[in-house]
Protein chains: 2
Amino acid sequence: MLADAAITVLARSGSRGLTHRAVDAAAGLAEGTSSYYFRTRSALLQACVERLAARTLAEMTTGAAGPASVDGLVTACVAVLGHWLTHDHERLLARWELALESTRRPELGTALRDAGAGVRERVAATLADLGVDAPRRRADDLVACLDGLAFDQLAGAGRPARDADGLRASVTDLVRGFTATGD
Amino acid sequence: MLADAAITVLARSGSRGLTHRAVDAAAGLAEGTSSYYFRTRSALLQACVERLAARTLAEMTTGAAGPASVDGLVTACVAVLGHWLTHDHERLLARWELALESTRRPELGTALRDAGAGVRERVAATLADLGVDAPRRRADDLVACLDGLAFDQLAGAGRPARDADGLRASVTDLVRGFTATGD
């Protein structure tokens, strides 16, 4: 609960706004609660990374099997991107804040990489099932590019975010590029 | 000079570390200098956005004409991405800090969008010259995805950054996806 509150604070107020006091207020708990459980700011940041990773993993475990065609992969990617942009933007903003913070705190980088690896392995397995060459490298790229499209539409020059048809056109191009088998 | 110092502070210490005092120290100037020219933190952030935009525009103006083939576009994108990752990472980190900050400060968002528009228009003109359909939308996507690859390798799960051959493989896939003309 405290980690979820900290993620909300990160998304709404940035890394700069992340203080124990702000987390207590966001969680509706007495002042001093979050510093009792997470003594330092670094411990609070680490808790955010672990909580984000746990939520992502839980979603992946409950999800269905990977898509069985390129069209199915496009549909799955459009669904993920659409969900990110509409319902999950706080989680994305918090993750990007943590990613930038991890350039200055190597211990956060390790936790973020471990969390990202689970998602990428699953995408790589799907690409391999579709007969795509270099599935690991392409899975890493595809995830990074989907993240780039989300960043652009939530925080970059691509605001406001596109509608579902617009997302589908972008993702179709992207997936085509990373699933070509003819070379 | 102050804006460049502020960009360096943003990249190295994050939005949280950006104070007038830190900017004065990074610029090697007497305390109080940056607050004389940029009274508020908001003015300092705005100066960073404008300076980043001016540097990007200056590079674009001095650059050669757009690439005349898809292979040429791949080569140009690999060169840009490689430069970002090796020589320009502070500028990228600063831009991402500003982008996240702009989700809370709409006035920064406007300046960032204007700066991004110049780059995207140039890419769109190249795609149009190559006979690609929907060049505007695809230029926006291509730039957002290149930015996503850079984010992943500088701050995300893709660290450490790939070598030139690895970048070329990624960019080849990406450009292929966004330059397909057969549909």
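The largest cavity in this predicted model is lined by residues of both chains, namely A:S15, A:E97, A:L100, A:E101, A:R104, B:G14, B:S15, B:R16 and B:E97. A cavity is here a set of points, on a 1 Å grid over the protein atoms alone, where a 1.4 Å probe fits but cannot get out, and lining residues are those with an atom within 4 Å of a point. Its volume is about 30 Å³, volume being the space filled by probe spheres set on the points, which are joined across faces, edges and corners. A search of the whole structure finds one cavity of 30 Å³ or more. At least two residues of the lining of the largest cavity are supplied by each of two helices, α6 of chain A and α1 (2-17) of chain B, where helices are DSSP runs (H or I, at least four residues) numbered from the N terminus.

As the model is predicted, local features were considered at pLDDT of at least 70 and side-chain atom pairs at pLDDT 80 or more, whereas totals for chains, interfaces and linings use all residues. Residues are numbered from 1 along each chain as its sequence is written, chains are lettered from A and ligands numbered from 1 in the order in which they are written, and side-chain values use heavy atoms, with hydrogens and water left out.

The arrangement of the two chains was examined by superposition, carried out by least squares on the C-alpha atoms of residues with pLDDT of at least 70 in both copies. Chain B can be laid on chain A with an RMSD of 0.0 Å by a turn of 180 degrees and a shift of 0.0 Å along the axis. The two copies are thus related as by a two-fold rotation axis. The copies meet through the same surface, because 100% of the interface residues of chain B are also interface residues in chain A.

When neighbours within four places in sequence are left aside, A:D141 is in contact with A:F178, B:L149, B:R162 and B:S170, contact meaning heavy atoms within 4.5 Å.

Helix α5 of chain A (residues 70-86) has 17 residues and reaches 24 Å from its first C-alpha to its last, close to the 24 Å expected at 1.5 Å a residue, the expected span being 1.5 Å times one less than the number of residues. Within α5(A), the residues A:L73, A:V74, A:C77, A:V78, A:L81, A:G82, A:W84 and A:L85 are buried. They cover an arc of only 165 degrees around the axis, which puts them on the same side of α5(A); the arc is that of the directions from the helix axis to the C-beta atoms. The cover over the buried residues of α5(A) includes α6 (89-102), α7 (106-129), α8 (135-154) and α9 (164-179) of chain A.

In helix α2 of chain B (residues 20-27), the buried residues include B:H20, B:V23, B:D24 and B:A27. They span an arc of only 100 degrees around the axis, which puts them on the same side of α2(B). An α-helix has 3.6 residues a turn, so residues three or four places apart point the same way. On the other side of α2(B), B:R21 and B:A25 are exposed, and just after this helix B:G28 takes a positive phi of about 70 degrees.

Several features of the backbone fall in loops. Most residues other than glycine have a negative phi, and most peptide bonds are trans. In the loop between α7 and α8 of chain A, A:A134 has a positive phi near 50 degrees although this residue is other than glycine, and with 36% relative accessibility A:A134 counts as partly exposed. In chain B, B:A134 is likewise not a glycine and has a positive phi of about 50 degrees; B:A134 is found in the loop between α7 (106-129) and α8 and counts as partly exposed at 39% relative accessibility.

The loop between α7 and α8 of chain B also holds B:V132, which counts as buried at 5% relative accessibility. Residues up to four places away in sequence not being counted, B:V132 touches B:L127, B:R138, B:F178, B:T179 and B:T181. A cis peptide bond with omega of about -5 degrees joins A:R159 and A:P160, and A:P160 is found in the loop between α8 and α9 of chain A. The bond from B:R159 to B:P160 is also cis, with omega near -10 degrees, and B:P160 lies in the loop between α8 (135-154) and α9 (164-179) of chain B.

How values were computed. Buried means under 20% relative accessible area, exposed over 50%, partly exposed in between (1.4 Å probe, protein chains only). On a 1 Å grid over the protein atoms alone, a cavity is a set of points where a 1.4 Å probe fits but cannot get out, and a pocket is an open set with protein on both sides within 12 Å along at least five of seven lines; lining residues have an atom within 4 Å of a point.
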